[in-house]
Amino acid sequence: MGRIARVQPDVTGLDKAFDYDVPAALAGRVGVGTLVRVPLHGRRVGGWVVELDPPEIVERSRLRPLAKVSSLGPSAELMDLARW
């Protein structure tokens with residue numbers, strides 16, 4: 001089983017994170033704070049990985065894969081501080 005990334009899309013007015021499957025080709029590059037591109041409502045949007053392998057997820061077969069890794073982001077500690 002691959003990893004699952006919880007992503008907060010960088011979309012105005014949307015304050016919800018979504019779960020995505022991390023493809024094997026991207027697994028080594030994805031961590032908390034990574035800036036990624038994800039499919040959302042028929043388009044690709046940027047977002048931030050806020051959690052890896054969350055304890056509660058939807059059915060795995062319903063998860064869409066991350067589209068790409070855009071860049072490294074802040075550290076996991078800084079992401080925790082921002083959430084606080």
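## Salt bridges and a pocket

This is a predicted model, and the count of salt bridges in it comes to 5. Let's visit some of them.

**Select D53 and R3.** These two form a salt bridge, with their closest N and O atoms 2.8 Å apart. D53 lies in the loop between β4 (43–52) and β5 (68–71) and R3 in the segment before β1 (4–9), so the pair ties together parts that are 50 residues apart in sequence. D53 is partly exposed, at 37% relative accessibility, and R3 is partly exposed with a relative accessible area of 37%.

**Next, select R6 and D19.** Their side chains meet in a salt bridge, 2.7 Å from N to O. Because R6 sits in strand β1 and D19 in strand β2, the pair ties together parts that are 13 residues apart in sequence. Are these residues buried or exposed? R6 is buried, at 14% relative accessible area, and D19 is buried too, at 15%.

**Now try D21 and R60.** Here the side chains meet in a salt bridge at 4.0 Å, N to O. D21 is in strand β2 and R60 in the loop between β4 and β5, so this pair links distant parts of the chain, 39 residues apart.

**Finally, look for the largest pocket.** It holds about 320 Å³ of space. Among the residues lining this pocket are F18, D19, Y20, H41 and R64. Strand β2 gives the most to the lining, with 3 residues. By class, the lining has 7 nonpolar, 1 polar and 4 charged residues.

Conventions
Residues are numbered from 1 along each chain as its sequence is written. This is a predicted model: local features need pLDDT of at least 70, side-chain atom pairs count only at pLDDT 80 or more; totals for chains, interfaces and linings use all residues. Side-chain values use heavy atoms; hydrogens and water are left out. On a 1 Å grid over the protein atoms alone, a cavity is a set of points where a 1.4 Å probe fits but cannot get out, and a pocket is an open set with protein on both sides within 12 Å along at least five of seven lines; lining residues have an atom within 4 Å of a point. Grid points are joined across faces, edges and corners, and a volume is the space filled by probe spheres set on the points. Helices (H or I, at least four residues) and strands (E, at least two) are DSSP runs, numbered from the N terminus. Ala, Val, Leu, Ile, Met, Phe, Trp, Tyr, Cys and Pro count as nonpolar, Asp, Glu, Lys and Arg as charged, and the others, Gly among them, as polar. Buried means under 20% relative accessible area, exposed over 50%, partly exposed in between (1.4 Å probe, protein chains only).
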